[in-house]
Amino acid sequence: MSLLIRNTANIRNLYNSLKKISLAVYATKLPQYNPVDLGSITSYRRYSIRSSILPSPPRSLPRSVQYLSTQTSRVENTRKIPFPLADIGEGITEVEILKWFVKDGQQVKQFDKICEVQSDKATVEITSRFDGIVRDIQYKQGDIAKVGKPLCFIESIGEDTAANTDAEVAAMSTQADRKEEHEEIPPVSREHEKVLTTPAVRRIAREHKIDLTKVKGSGNHGRVLKEDILAYIEAQQSPLEEQVKPSVSLDSNIEPIRGLRRAMTKTMTASLAVPQLTLGEEVVMDRLIHIRNGLKSTAEKLGVRLTYMPFFIKATSYCLSHFPILNSSVDQSCENIIYHRHHNISIAMDTPMGLTVPNIKHVEEKSVLEVAKDLQVLMDMAESGRLGEEQLKDGTFSLSNVGVISGTYTAPVVFVPQVAIGAFGRTRRVPVVNAHGHVETAHIINVSWSADHRIIDGATIARFSKMWKSCVEEPEQLLLHLK
Amino acid sequence: MCYFTTSTNIFKNLATEEYFLRHLKNNILLFYCNTPSVVVGRNQNIFKEVNVEFCKYNGVHIARRRSGGGCVYHDLGNLNISLITSRKEWNKTRLLKCIRNALQKEFHLPIELSERNDLRLLDRKVAGSAYRITAERAYHHTTLLVEADLWSLEQALQHSGKFAIDTKATESVRANVCNLRQYKSSLHMIDICRAICKEWYLENGQHVVPNHEYFVWLDNETTSHWPELEAEYEYLKSIQWIWGEGPNYRLRCRLFFGWGYLDLTLQVERGNRIVGVDINSSSGIPYQLFESMIRALIGVHCLGNVLSNKVTEMSRLEATNYGEQFHEIAKWFLNNLPNE
């Protein structure tokens, strides 16, 4: 033990003296340490790190000893390696931390217990992969940790002595480590991969088995961005798909699904995963027809074609302010509901290219006339095929007026990631029984609402429908709420 | 290698399982039966899952295992099976499939594997599972209901009536259960054990000698030759592990006495230490005395005898007028909370 202490004291002295003397002088001026001994002392130190905490290398070394300092700093290089939560298997993505066995600054050896976690009936003991000092514990007891994210950092002094017996854990973790190391010291360790990217992009590349050197980078210094790799994947997939030609007899005509129809296929397949609830309602249109006829001439003078849709859209927006959950989205894993502030009502349109759903932005702030103007603009753009991404993205609620073509009863399909949709059938003149028990005729439109049953229940959509019905049957009510 | 332990002490058997996990290297199939006891999962709250009063009056042991999951009832008609393997070979369903195949082949029982990784006999649960994974080894254990006392099971696995618990602990998923014996009354524990061993050997491609005892009786009653097992047994038996290793919880209970009523809320940290007390009372006792009682109780282990000692001490020093009332409160603690 005393030998150790003496050596440590000697090393400290060595550093202190290094601060003052230059390289040439140093080589001659230390009689008690031969160059051979210097090597043995430093190598001795590499093994004795476990029992002593060393002083960090002095920051201000004179320039003449820069050469020597890089050599000694290789021995003293303390790197904080993140220790990620390894993949436990069986599709487990997150675990609860039950107990920590280490504290910040505690020294651990390989295979020492770090913490205990639990995931759905399985308790797992996480052990350390290398020797070092624990730093920056990321979670407290009772927190949920995600697989792949670091649990804590281990400051490993000297070379990485990880010799892991568990093959899969080693493969995943060392890959993660190498990538993390790259992120921390990018200019130095470029010899492994010459591509400059973020770990997220590397992960995508790994998943799709793409060689990053083949992807063209569009960021600074040729950095490969997420868009680049996604574009590369798209480019890779499309020629493949075009090559796939099903063998069919000469009587059938093969038409590849492209463009808008392809987008529709994709969205509808995604919508199928969502459990949908449909609610139908019959709405009496007489008063609205009367009002619209009265307003039609004024609107035409202002150059706007006033149909029933602007009224429906505005009524929807008013009702959505009372039922904000219908103006939301569910994220992919169905963990969070994202409430949107603005009502961007998407209108389903049939264009020569197929079904498109552009939306009118911020309907809650617009008047019926402005909504009508926007609708007209969108319809013109759709007909001429000039709809851009700006009109198509960020819709929060959908309406479909398929009844304009034909149809009475519909069961529309929710357009993910939205949570609700409404569809209108044809306005028909039918006999109804009025309050006094007499039969009279009225104009009836059938409205069907569909909603994502994961977060919307029947009562909510029914109440929404009831409010919407009253807005349309007695449009004067909206006057009270004009903003 | 298949072993059946001779001990029926739950703590000894759990310690044996842990010992085999840590100190042996080969794959082991371990069987054991216990005297009536209730075993809670690693991260559960005992008051919430177990009827502590029922267990106390009927001599049912309460234990905490090292693997996760929900709460189970053990008795001599309940066979526990544990498969201890290396971590690479850990598989969630291997043991259950083996048991299911064995029961189907030998006894023609219509057992199915459900998605929650339990075994169901005509929609009633007969076996559940729990797992533990360490650096190099892992185990999967399950308990198979052969001829257990289902009435006791139902009574023991209920929320303690007297306490309202607020905690983030793991909750058990309740299921309707039935005994294998109810389907086929000629079943014996030993026959089932033999069938499972045989199936295990067959699945592993090992040679099976018919009419031979397939497993080895393991005497773990005397643990003196295995010091690690002894240490583990002591630890699993200790109050610190059983009552102290659950997550933080808030316990609320109502104490009714002849002279009034007390609404007591204890905030207990992991390690079974009380960090917060709240008392509301409708008796005539002045609030300062309750405040001094609160000060006496904070930082103390949440155990019956400890709390009652603290209360009697405090009342002796300060609340001489209300000595009788505090004595009754102390007695309540002694009777209703777990003792050292």
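A residue counts as buried when its relative accessible area is under 20%, as exposed when this is over 50%, and as partly exposed in between (1.4 Å probe, protein chains only). These classes are applied below to a predicted model, in which local features need pLDDT of at least 70 and side-chain atom pairs count only at pLDDT 80 or more, while totals for chains, interfaces and linings use all residues. Residues are numbered from 1 along each chain as its sequence is written, chains are lettered from A and ligands numbered from 1 in the order in which they are written, and side-chain values use heavy atoms, with hydrogens and water left out.

Among contacts in chain A with a separation of 6 or more (contact meaning heavy atoms within 4.5 Å), 60% come from residues 24 or more positions apart.

Side chains of opposite charge can pair when their charged atoms come close. Over all chains, the structure holds 30 salt bridges, each defined by a side-chain nitrogen of Lys or Arg within 4 Å of a carboxyl oxygen of Asp or Glu. One of them joins A:D374 to A:K366, with an N to O distance of 2.5 Å. Both partners are partly exposed: A:D374 has a relative accessible area of 25%, and A:K366 has one of 22%.

In the pair of B:E18 and B:R132, the closest N and O atoms are 3.1 Å apart. This bridge links distant parts of the chain, with B:E18 in helix α1 (residues 10–23) and B:R132 in strand β9 (residues 124–133), 114 residues apart. Both of these residues, B:E18 and B:R132, are buried.

The second pair is B:E232 with B:R66, at 2.9 Å between the closest N and O atoms. Because B:E232 lies in helix α8 (residues 227–237) and B:R66 in the loop between β4 (61–64) and β5 (72–74), the bridge ties together parts of chain B that are 166 residues apart in sequence. B:E232 is buried at a relative accessible area of 14%, and B:R66 is buried at 12%.

These two chain B pairs also belong to a network of salt bridges, whose members include A:K99, A:K113, A:E116 and A:E125 alongside B:E18, B:R132, B:R66 and B:E232.

Definitions and conventions. Helices (H or I, at least four residues) and strands (E, at least two) are DSSP runs, numbered from the N terminus.
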